[in-house]
Amino acid sequence: MTTRAFIAGCSGFELTPDEVAFFREAQPWGFILFRRNVDTPEQVRALCASLRDTVGRTDAPILIDQEGGRVQRMGPPHWPKYPPGRTYGLVHANDPLVQREIARLGARLIAHDLRSVGITVDCLPVLDVPSPGAHDIIGDRAYGKTPAQVAVLGRAAAEGLLAGGVLPVVKHMPGHGRAGADSHLALPVVEASREELERHDFATFRMLTDMPLAMTAHVVYTALDPENPATTSRIVMEEIIRGHIGYDGLVMTDDLSMHALSGSFRSRSEAAFAAGCDMGLHCNGSMEEMSAVAEAAPILTGDALRRANAALARITHEPEPLDPVDARARLDSALAMIA
């Protein structure tokens, strides 16, 4: 069957009959899990298998936001807590090589947790560079305060995921760190000059253009497009993401149900695809909303299909060897040294 260019959520710990029927008909490229979908390792493993069964593809990607800190969908008692990105930037602050190794180790452990239950994509690393006075929606999720530090530790985290057989998603392209509002609740408007955005906000993404997947920012940059957020702006997509940044990986939207976007779910989706996004992402599991997104989502063809296939080809079937007990002890030891 043909695959449509969208990623869907589901409502609970197991699929409802309506969800099974919908996914079989709509054929989304992949799925995303949230805390409402996570109970025990056995349950998550079964849910992943059920999702893949609905589309008849054993390689259908299953995503999750497993950053650590405030954004961790799988946690105790079945999975360990992980620190937010900022913590890695504080490890042996005078030794960036140690910071890099610990950030990679943390992500490698996360990949171990995810692959063990069938999850193959993590919406990490956060490459946003925070600015003074910005909303705290990024805050301690950022690895540091400079583009260089964020890029180095973000790459380390991405490499840790890839070594464990999990695809990273760089976010939020081309940069959410300057936003003065939480895009889950309102539309952030950034008024910095293009020169400043390119020097500070966009720089980290230019350093990780080899990563397979990226997620957009629901942010208006008035110096580029005063009318549309990046997700629905052809100007931002062509001039910045594909142009200045030079990214040729698969670009998915941030969650289309966030309040930063307006209009019907079909119109939001159509605007994102018209702007140049390869993939729509809908997270909350609402059948009515998902149906509208599916109706707007094109068949996955052309460059979008090429990018999707290139991403899936990077999922290794033989992850780098890992002793999770020893690795966790090393991670905990390094984090315990932070004052």
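How far apart do the end C-alpha atoms of residues 30–298 lie, and what share of the span is helix and what share strand?

## The model and its annotated span

The end C-alpha atoms of residues 30–298 lie 14 Å apart. Helices (H or I, at least four residues) and strands (E, at least two) are DSSP runs, numbered from the N terminus. An unreviewed UniProt entry lists residues 30–298 as "domain: Glycoside hydrolase family 3 N-terminal". UniProt positions are given in the numbering used here, feature names are shortened, and annotations may be inferred rather than shown by experiment.

The structure is a predicted model, in which local features need pLDDT of at least 70 and side-chain atom pairs count only at pLDDT 80 or more, while totals for chains, interfaces and linings use all residues. Residues are numbered from 1 along each chain as its sequence is written, and side-chain values use heavy atoms, with hydrogens and water left out.

## Helix α1 and its two partners

Helix α1 covers residues 17–26 and helix α10 covers residues 287–296; their axes come within 11 Å and cross at roughly 5°. Axes are lines fitted to C-alpha atoms, for helices over the stretch in contact, and angles run from 0 to 180 degrees between N-to-C directions. The two helices α1 and α10 are therefore roughly parallel to each other. Angles under 35 degrees count as roughly parallel, over 145 as roughly antiparallel, 65 to 115 as roughly perpendicular and the rest as oblique. On the α1 side, the contact is made by Asp-18, Glu-19, Phe-22, Phe-23 and Ala-26, and on the α10 side by Met-287, Met-290, Ser-291 and Ala-294. Contact means heavy atoms within 4.5 Å. The residues of this contact of α1 with α10 comprise 6 nonpolar, 1 polar and 2 charged. Here Ala, Val, Leu, Ile, Met, Phe, Trp, Tyr, Cys and Pro count as nonpolar, Asp, Glu, Lys and Arg as charged, and the others, Gly among them, as polar.

Helix α1 also packs with helix α2 (residues 41–55), at an angle of about 45° and with the axes 7 Å apart. Helices α1 and α2 are therefore oblique to each other. In this contact, Val-20, Phe-23 and Arg-24 of α1 meet Leu-51, Asp-53, Thr-54 and Val-55 of α2. The residues involved divide into 4 nonpolar, 1 polar and 2 charged.

## Buried residues

Thr-253 is found in the loop between β11 (250–252) and α9 (265–275). With 1% relative accessibility, Thr-253 counts as buried. Buried means under 20% relative accessible area, exposed over 50%, and partly exposed in between (1.4 Å probe, protein chains only). The side chain of Thr-253 reaches the backbone nitrogen of Leu-281 at 2.9 Å. When neighbours within four places in sequence are left aside, the contacts of Thr-253 include Met-215, Thr-231, Ala-272 and Cys-277.

Thr-87, in helix α3 (residues 85–88), is buried at 18% relative accessibility. Beyond its neighbours within four places in sequence, Thr-87 is in contact with Leu-335 and Ile-338.

## Backbone features

Two peptide bonds deserve mention. A cis peptide bond joins Pro-76 and Pro-77, with omega about 10°; Pro-77 lies in the loop between β5 (71–72) and α3. A cis peptide bond also joins Met-173 and Pro-174, with omega about 10°. Pro-174 lies in the loop between β7 (167–173) and β8 (189–190).

Gln-27 is not a glycine, yet it has a positive phi of about 55°. Gln-27 is placed in the loop between α1 and β2 (28–33) and is buried, with a relative accessible area of 3%.

## Partly exposed residues

Glu-239 lies in helix α8 (residues 234–244) and counts as partly exposed at 40% relative accessibility. Leaving aside neighbours within four places in sequence, Glu-239 is in contact with Arg-194, Arg-234 and His-244. The side chains of Glu-239 and Arg-194 make a polar contact (3.0 Å). A polar contact is a pair of N or O atoms within 3.5 Å; within protein, one must be able to donate a hydrogen and the other to accept it, and residues adjacent in sequence count only if both atoms are side-chain atoms.

Ser-286 is located in the loop between β12 (280–281) and α10. Its relative accessible area is 24%, so Ser-286 is partly exposed. Ser-286 and Ser-257 are 29 residues apart in sequence and 9.5 Å apart in space, C-alpha to C-alpha.
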